[in-house]
Amino acid sequence: MAQWEPTRAAGLARAAAFAPNMGRAYAARRNYDSGAQPDTVSALSPWVRRRLIAERELLEMARAAHGPDAAKFVSEVLWRGYFKGWLEQRPEIWERTVAGLDAARSAVAQDAALAQRLAAAIEGRTGIDCVDAWIAQLRAEGWLHNHARMWFASIWIFTLRLPWELGADLFLRALVDGDAASNTLSWRWVAGLHTRGKHYLARAENIRRYTDGRFDPQGLDEEAEPLPYDGDAPLTPPAPGNAMPAGRYALVIHADDTGYDALELPPPAQVIGVTAHGLADASAAARSFAEGAVADAAARAGAAFGCPVALVAAWPEPGDLPLVAPWPTVGPLRDSLPDGYPLAQLRNPYDAALWPLATAGFFKVKSRAAGALAPLGIALPEL
Ligand SMILES: Cc1cc2nc3c(=O)[nH]c(=O)nc-3n(C[C@H](O)[C@H](O)[C@H](O)COP(=O)(O)OP(=O)(O)OC[C@H]3O[C@@H](n4cnc5c(N)ncnc54)[C@H](O)[C@@H]3O)c2cc1C
């Protein structure tokens, strides 16, 4: 796997190189995890996660190159907005996840057998060949193929019988694309908690087939029941973004969304890049990508607007200038905002269009995305 370079230029270069594969090849081969060098999928998620590349750019690139054959790729890109919008409207699920993680850590502290199973899993000593290899890959590269993530989460929950919150936390801290919404809701989906009672069971035959025989896992529980449903969370339509303050202001760029350019702002008096990541114990690879992404975006904004740039480690002390930022989404970085912090949070137009559709299952987003995104000038193939 190439090094993750946290710049927009590197992300665009990777996207351009993968564009010829965003059509039929992607639809046919995306489920195959051929190993450390992904060629069946784009591995663009770290750049998209930090919005060094916007979803709209990927959608436009895929459609321009492949027309109707881009449908599968386009639909996968929409999953990201679906998960973001869904969690944004049900923040209680994130609060429950954080509380569930605390409870799981307490359980581990009191249960020696559970602690041993957990240690074996995170140290790659389960004896299940694929799981031990994926842990090594996660630690070495900070990235796993989507299918490997699904299999891993399923084996973690249903074969190793480990609390899903511990697995989700492991991913969130280790993945270079770690994202509270995509990660938490994918783990919940595998467990049978997102679509009530519908879980994802990893099967040895499926793993053998889609890894081209690299793995031959033994002892998987292929009959397990979904986890007991933990109850609906209230649905709160996303609050509208704040109004843009009049006059001089400071643009705050943070790791949750570095895509300041989508907001079409007037020139700020200053750009402040906040390099905080929100997760104190994230892996070095995840932290350095997040910090690098902020530095890259802040430098580009400073050059574009012709104003001074400062990089700071935490949310800046409020000063004379009103602070304006892209909307920080539900998750650790948002949680780190001090209560009542005076930050005008602006909603990216793509999110504003897509999030209100994310109230139920993905189908509602997929079937209505074309209509919702058309006013932004984004045309989708038939999905
Ligand atoms: C248990 C589990 C945990 C996950 N955790 C994360 C996470 O922390 N961060 C994260 O970005 N994704 C997460 N995903 C979703 C998905 O695995 C990754 O987005 C995808 O593997 C990224 O690889 P790619 O860039 O090659 O994707 P491609 O297949 O090339 O797709 C292009 C882009 O579309 C988006 N995308 C594709 N598939 C999905 C999906 N299923 N969900 C959301 N967005 C998608 C990504 O932004 C991706 O870069 C998780 C999935 C599972 C099953």
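Predicted model: local features only at pLDDT ≥ 70, side-chain atom pairs only at ≥ 80, totals over all residues.
Residues are numbered from 1 along each chain as its sequence is written, and side-chain values use heavy atoms, with hydrogens and water left out.

**Stop 1: the domains**

Colour domain 1 (8–88 + 353–376), domain 2 (105–210) and domain 3 (250–346). These bounds come from an automatic or database domain assignment. Now look at where domain 1 touches domain 2: the contact takes 19 residues from domain 1 and 22 residues from domain 2. Contact here means heavy atoms within 4.5 Å.

The area buried between these two domains is about 1800 Å², with carbon and sulfur atoms giving 59%. Buried area is the accessible area (1.4 Å probe) that two parts lose on being put together, summed over both. Select Asn31, Asp33 and Phe83 in domain 1: they lose the most area to domain 2, together 33% of what that side buries.

**Stop 2: salt bridges**

Side chains of opposite charge can pair when their charged atoms come close. A salt bridge is a side-chain nitrogen of Lys or Arg within 4 Å of a carboxyl oxygen of Asp or Glu. By this rule the count comes to 26 salt bridges, and between domain 1 and domain 2 the count is 2. Show Asp179 and Arg49, whose side chains meet in a salt bridge (3.1 Å, N to O).

**Stop 3: helix 6 and helix 7**

Helices (H or I, at least four residues) are DSSP runs, numbered from the N terminus. Select helix 6 (residues 91–110) and helix 7 (residues 112–122): their axes come within 5 Å and cross at roughly 110°. Axes are lines fitted to C-alpha atoms, for helices over the stretch in contact, and angles run from 0 to 180 degrees between N-to-C directions. The two helices are therefore roughly perpendicular (65 to 115 degrees).

Show the side chains next. Ala107, Val108 and Gln110 of helix 6 meet Ala112, Leu114, Ala115 and Leu118 of helix 7. They divide into 6 nonpolar, 1 polar and no charged. Ala, Val, Leu, Ile, Met, Phe, Trp, Tyr, Cys and Pro count as nonpolar, Asp, Glu, Lys and Arg as charged, and the others, Gly among them, as polar.

**Stop 4: helix 10 and its partners**

The axes of helix 6 and helix 10 come within 8 Å and cross at roughly 110°. Among the contact residues are Trp94 and Leu101 of helix 6, and Trp164 and Leu172 of helix 10.

Now zoom in on Asp169 and Arg173, which form a salt bridge (2.9 Å, N to O). Being 4 residues apart in helix 10, they are separated by about one helical turn.

Ile135, Leu138 and Arg139 of helix 8 touch Leu170, Phe171 and Ala174 of helix 10.

How values were computed
Parallel < 35°, antiparallel > 145°, perpendicular 65-115°, else oblique.
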